[in-house]
Amino acid sequence: MNRFYITTPIYYVNARPHLGHSYSTMVADALVRLHRLQGEEAFFVTGSDEHGDKIVQAAEKVGKDPQSFVDEISLLFQTLWPQLGIENYRFARTTDPAHAKIVQDLLQKVYDAGDIYFGEFSGHYCYGCERFYTEKELVDGLCPQHLTSPALISEKNYFFKMSKYLPWLKEYIETHPDFIRPERYRSEALGMLEAGALDDLCISRPKTRLTWGIDLPFDHNYVCYVWFDALLTYISALGGPSGTDFATFWPGEHLVAKDILKPHAVFWPAMLKSMGLPLYKHLNVHGYWLSRDTKMSKSLGNIVDPKAMADAYGIDAFRYYLFREMHFGSDASFSEENMVARINADLANDLGNLFSRVLAMAAKYCSSRAPKMGTLTEEDTVLVDLCSHAMQNFLQLFSAIKFAEGLESLWEFVRALNKYVDSQAPWALAKKNETERLATVMAVLLAGMRKIALCLWPVMPTASCTMLKQLGIDVDTQTVPCSMDYECTHFDALPEGQELALKSNIFPRRESKDEKKDKATKKEQNEAKAEENTTIDIGAFHALDIRVGTIEQAEKHPNADTILVLHIDFGSLGVRQILSGLAAYYKPEELVHKQVVALLNLKPRKIRGLVSNGMVLTAESDGKVVLLSPEHLVDNGGTVG
Ligand code: ME8
C-alpha cells in the first residue's frame, strides 16, 4: 500500500494562530484527504515549537512562566484546527519529553560521528530569527527578515559541520528538480548555496543566556538551538528513527511558507545526511497571505482571524476561497470582498445552483428517487468524457500542489453540467412525455454531481458530505467516500430508486461589504424617517394652545357612563364645555373649583350628542387616571409651555 506523510511547520507559540498558519494546515489536511481518496494510508503532523528566546521573551511580557505560557497558546492551535474542518493529524509539542529524548539521541549520534565541534564564535544574532547572521547576509547591517539591528554576540558554542555537506546538497538539488517546489524556491535555495554565505551551524545556546530548551546530551551547560530541536519533530512524531511509524512513513514531505525556506532547504537535509537518514521527498513552499497588500502583523492591525471568517462565511466556503485564490508559491492578497465575489460566483451560482435546480427537478419529475440511466446519446458521452478528463486533471494538478488550477479544471465540469441542464431541458422532456430520455438526463446529472462532491472532499469536507447526503449517500467527513482511481474511469449512475433530498441550499449567497454597507445605510435612513415621524420640532409644540382653567361645573354625561361634562373657565377666553373620560376616577362634585390644564385648539368633537371643545390633560398612574393641575393657583387662561 502506498503511504503519504506530510508535515506543516511546527508553529511558534509566541502568538495566536492566524490565517497564514491556518492555510498551511488546511493544505496538509487537504493533501492527506486527496491521498486517502487514492487508497493510500495518509496523515500529517503539525504542532507547536515551544523552546527558545522568543518564547521566553513573549512569556515574560505577559508575566507568565514559559511552560504555562506555551500550554495556553499551544491549546489555541489545538482547538482551532477542528474548527476549520482539519482532521487526520498528530499534534506534536517540542516540550514533550519523548521528543526531547529523541533529539538528545540524535544529537549524540551526530556528535559521535564527529560532525559537532566546540568553538568560539562572534556574530550578529537576531533574536527574532533565533539565529546568527553572517556579515554578507545582513541587509544594510540589518536582519533581512525583521529589519532590526542584530546584537553582536561573542561566545563559545557547539557547531554542526554543515559546510561539509553543502557541495553534496547543491548537487542533490540540481539533480532532483522536484525536491524543492515550486521551481522559484528551488532556484532560491541553489542561490543560497552558490552565494557561499553559509557556514557551519551554531546549534547550542549557553545556559547562562537561555535555559528554556533541551539539554545537549554531551554538555549540560548548553541547551539545543531551537531550530535543530524543532526540525527533528518531523521524525520524533513518528517515534524517532527506530519507531515503526518511521519505517512505515518516512521519507515524507514538508509544507512551509517562503519565510523558512533556508532551515528546510539547507539545515534539514544536511542534518538528515549527517544522521544517515533518508532525505524528505519534497519541500513544498508557498507564498504569503497578504492582508491589505502587506504581510499580516499585529502592529499593522491587519491580521485575519480564521475563526471569524469561518464563522461568518462557513468553514467550507472559506477553505474553498483560500485554495482557489492562492496560486501555490506566489503571494496572495486576502480580501473579504474578493472572497464574497468568489463564493457567490463559484459556490452559490455555479455549484449551489446546480444542486438546487437538479434536486428540485428530481423532486418534480422522479419523486426524489434516482432514475434509471438508459442508453447514452452523443451529448451524454461528451459530458461523461469531460467528467473523466476534469477529474484526472484535478487529481494530477492537486497532487502537484496546483490547487487553484485543479479547482478551475473541476469547475469546467460544474459549468458543463449547468449547460447540460439548459440544453437538455428536462422540463421540455417532461412536457413531451419523453420519460425514458428524461430519466437518463436526470441520471447523468445526478451521477455528475456525485463526482464533483467526491472531488471536493479534500477541500470542503463538510459540504462534500452534505452534497453526497443529498444524493442519498451516507458519509461523514472522516470516512473516505470512494476510490478515485475507479471514479475517474467509470461513470456509474446512482443506484436506481435511491432517495434524494427534496431540495438543496448548500451555499447561500453572501453579501459583500458594499452590499452590507448599503443595507446599513438604508436601515439608518429608514430609522431616521421613522424618528422624523414620531418626533416633532419645537414649532409643532408651540402650535398647541394649552391653558390653565378652573372647573366651574361637572356632571355625568346623560348618555355615556364613563364621561363627565365639564364647564371650565379660561379667563379672558371664556367658559368652555369639555368632555373627559373621568367618571370612573372622580365624582363630579370633587372636581368643582379644581384648576386643570387643557388643550384648547383641538378640533371640536361630538360625543354621544354633546360637543367637546378641547381636551383635559391627565396622567396615568397605577392604572388610574389623574388630572394635571398647576402646583399653586394661577390666573385662568394662563398659557402652558
Ligand atoms: O517559523 N502567509 O514558526 P512560525 C502564509 N517555529 N503562511 C504563513 C504566514 C503568511 N502570512 N504567516 C505564517 C516557525 N505562515 C518555526 C517553524 S518548523 C520545524 C519550525 C505559516 O509560527 C507558514 O507556514 O513563524 C510559515 O512557514 C509558518 O506559518 C511560520 O510559522
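This is a predicted model: local features need pLDDT of at least 70, side-chain atom pairs count only at pLDDT 80 or more; totals for chains, interfaces and linings use all residues.
Okay, let's start with the helices. Two packed helices are described by the angle between their axes and the distance between the axes. Here I'm looking at H15, residues 403-424, and H17, residues 435-455. Their axes come within 11 Å and cross at roughly 165°. Anything over 145 degrees counts as roughly antiparallel, so that's what H15 and H17 are to each other. The crossing of H15 past H17 is left-handed.

Who's touching whom? On the H15 side you've got, among them, Leu410, Phe413, Val414 and Tyr420. They face an H17 set including Val441, Leu445, Met449 and Ile452. By class, the contact of H15 with H17 has 12 nonpolar, 2 polar and 1 charged residues.

Now the backbone. Most residues other than glycine have a negative phi, and most peptide bonds are trans. So where are the cis ones I picked out? One joins arginine 181 and proline 182, with omega about -5°, and that proline sits in the loop between strand S7 and helix H6. Another runs from tryptophan 250 to proline 251, omega near 5°. Proline 251 is in the loop between helix H9 and strand S12.

On to positive phi. Asparagine 88 has phi near 65°, and you'll find asparagine 88 in the loop between helix H3 and strand S3. Arginine 608 comes in at about 45°, in the loop between strands S21 and S22.

Buried or exposed, those two? Asparagine 88 is buried, at 13% relative accessible area, whereas arginine 608 is exposed, at 57%.

Technical notes:
Residues are numbered from 1 along each chain as its sequence is written. Side-chain values use heavy atoms; hydrogens and water are left out. Axes are lines fitted to C-alpha atoms, for helices over the stretch in contact, and angles run from 0 to 180 degrees between N-to-C directions. Helices (H or I, at least four residues) and strands (E, at least two) are DSSP runs, numbered from the N terminus. Angles under 35 degrees count as roughly parallel, over 145 as roughly antiparallel, 65 to 115 as roughly perpendicular and the rest as oblique. A crossing is left-handed if the near helix is turned anticlockwise from the far one by less than a right angle, and right-handed if clockwise. Contact means heavy atoms within 4.5 Å. Ala, Val, Leu, Ile, Met, Phe, Trp, Tyr, Cys and Pro count as nonpolar, Asp, Glu, Lys and Arg as charged, and the others, Gly among them, as polar. Buried means under 20% relative accessible area, exposed over 50%, partly exposed in between (1.4 Å probe, protein chains only).
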